[in-house]
Amino acid sequence: MNFDFDKIIDRHGTGSNKWSRYPADVLPMWVADMDFAVAPAIAATLCERVKHPVYGYATTQDSLREQIAATIKKRYNWTIHPTDIVLLPGVEPGFNMAMKAFLSPGETIAVQTPIYRPILRAPAHWGMKRRDLWLTPSSNGSWSLPQERLSKQMMGCKAFLLCNPHNPTGKVYSREELSHIATVCEREDATIISDEIHCDLVFDGRTHIPIASLSPEISKRSITLMAASKAYNIAGLKTAFAIITDPECRARFENARLGMVDSVNLFGLVATEAAYSHGQAWLDALRIYLQDNRDFLVRYIQEYIPGITVHSPQSTFLAWLDCSRLKLPSGPQHYFLNTAKVALSDGAEFHETETGQYARLNFGCPRATLATALDRIRQSVNTL
């Protein structure tokens with residue numbers, strides 16, 4: 001079956017956060033929201049559910065839990081039980097719940113920097129100390145977290161807030177890297193809170209490895225957060241889930257809702273089940289298209305805007321652009337918004353002091369839109 005990812009869909013006037021923040025002449029390439037129509041199977045299932053005239057509070061059906069468990073087994077060779085799954089209205093509430101459940105104010109939690117803003121700011125919500133573990137770009141396009149440095153910096157940390165695949169760099173952790181993280185967390189008796197929301201969007205034949213799948217011992221100390229939202233472009237339906245295999249840990253996690261984390265959207269539950277049960281062909285085609293977009297982006301920047309450094313992301317639909325060599329008169333986000341009419345995510349959102357000369361670009365869009373944005377950026381750089 002063919003899927004038309006080249007089709008340009010006008011999202012103005014639809015209440016889209018991405019497309020309503022800036023004037024109509026600005027191309028929004030910022031928030032992690034793709035511009036593709038959802039898989040036909042999801043749309044059809046939602047249309048069928050809409051025909052029923054009552055949209056009351058929803059509960060998670062056994063069929064959804066079983067489908068999630070089956071999908072996790074098929075894609076990641078990780079066997080979980082349907083009762084291990086806790087449905088949530090988002091991954092962000094999930095890692096905040098986990099921090100509240102398993103840490104106390106004043107304790108230290110490690111995060112990989114640069115990191116997207118909700119993770120960067122989460123420790124302060126609960127009076128916790130944040131320890132930054134900096135990822136280092138490598139010549140081969142990957143980002144490393146050296147083992148010796150990790151071992152030292154994790155000393156005294158009560159949790160590791162892992163982001164894999166990583167946002168904004170697109171790094172995919174190898175089994176060896178995850179095993180070392182797990183070993184260090186065992187040594188420190190640290191909880192692993194793993195945001196794996198981009199797990200279905202990895203490139204170049206890679207396979208995502210949930211850190212909790214390494215062993216029953218690691219699983220027991222892990223809270224794994226996933227969703228169909230990024231891969232299937234249904235983020236607005238506000239549905240995610242945690243996988244917690246230890247019953248006691250799962251109960252502690254549930255008790256951390258504290259009246260703030262409510263039930264899950266009815267249509268999000270329906271869409272998630274449709275995505276996992278009928279959306280594989282669409283997802284396979286999407287990955288190919290996104291990988292081609294990534295390659296187009298990297299080639300374009302290397303050939304036409306060599307003042308920008310970009311390390312080819314191994315996953316996601318997000319590119320982390322180092323603009324420091326351009327010597328721009330203002331931060332990249334501000335400069336390109338005003339001179340190129342392209343809205344990127346401000347690098348300063350990913351760390352308070354160290355990433356002001358970076359910007360994040362969303363290439364989850366039709367190729368023509370991506371090409372137009374890059375042409376605009378190129379022309380603005382040429383005027384320097």
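Helix axes here are lines fitted to C-alpha atoms over the stretch in contact, and angles run from 0 to 180 degrees between N-to-C directions. On that basis, helix α4 (residues 91–102) and helix α9 (residues 247–255) pack at about 110°, with axes 8 Å apart. The model is predicted: local features need pLDDT of at least 70, side-chain atom pairs count only at pLDDT 80 or more, and totals for chains, interfaces and linings use all residues. Residues are numbered from 1 along each chain as its sequence is written, and side-chain values use heavy atoms, with hydrogens and water left out. Helices (H or I, at least four residues) and strands (E, at least two) are DSSP runs numbered from the N terminus.

**Helix α4 with helix α9**

- The angle makes α4 roughly perpendicular to α9 (65 to 115 degrees; under 35 is roughly parallel, over 145 roughly antiparallel and the rest oblique).
- Gly94, Met97, Ala98, Ala101 and Phe102 of α4 make the contact with Cys249, Arg252, Phe253 and Glu254 of α9, where contact means heavy atoms within 4.5 Å.
- By class, six nonpolar, one polar and two charged residues take part in the contact of α4 with α9 (Ala, Val, Leu, Ile, Met, Phe, Trp, Tyr, Cys and Pro count as nonpolar, Asp, Glu, Lys and Arg as charged, and the others, Gly among them, as polar).

**Helix α12 with helix α13**

- The axes of α12 (residues 332–339) and α13 (residues 367–382) cross at roughly 100° and come within 9 Å.
- Therefore α12 and α13 are roughly perpendicular to each other.
- From α12, Tyr335, Phe336 and Thr339 meet Ile377, Ser380 and Val381 of α13.
- This contact of α12 with α13 has four nonpolar, two polar and no charged residues.

**Helix α7**

- The 14 residues of α7 (residues 175–188) should span 20 Å at 1.5 Å a residue, and the end C-alpha atoms are 20 Å apart, which agrees; the expected span is 1.5 Å times one less than the number of residues.
- Leu178, His180, Ile181, Ala182, Val184, Cys185 and Glu188 are the buried residues of α7 (buried is under 20% relative accessible area, exposed over 50%, partly exposed in between, with a 1.4 Å probe and protein chains only).
- These buried residues pack against α6 (147–153), β7 (159–163), β8 (191–195) and α8 (216–220).
- Asp189, which follows α7, has a positive phi near 55°.

**Asp200**

- Asp200 sits in the loop between β8 and α8 and is buried, with a relative accessible area of 4%.
- Beyond its neighbours within four places in sequence, Asp200 is in contact with Arg75, Tyr76, Ala231, Tyr276, Leu283 and Arg287.
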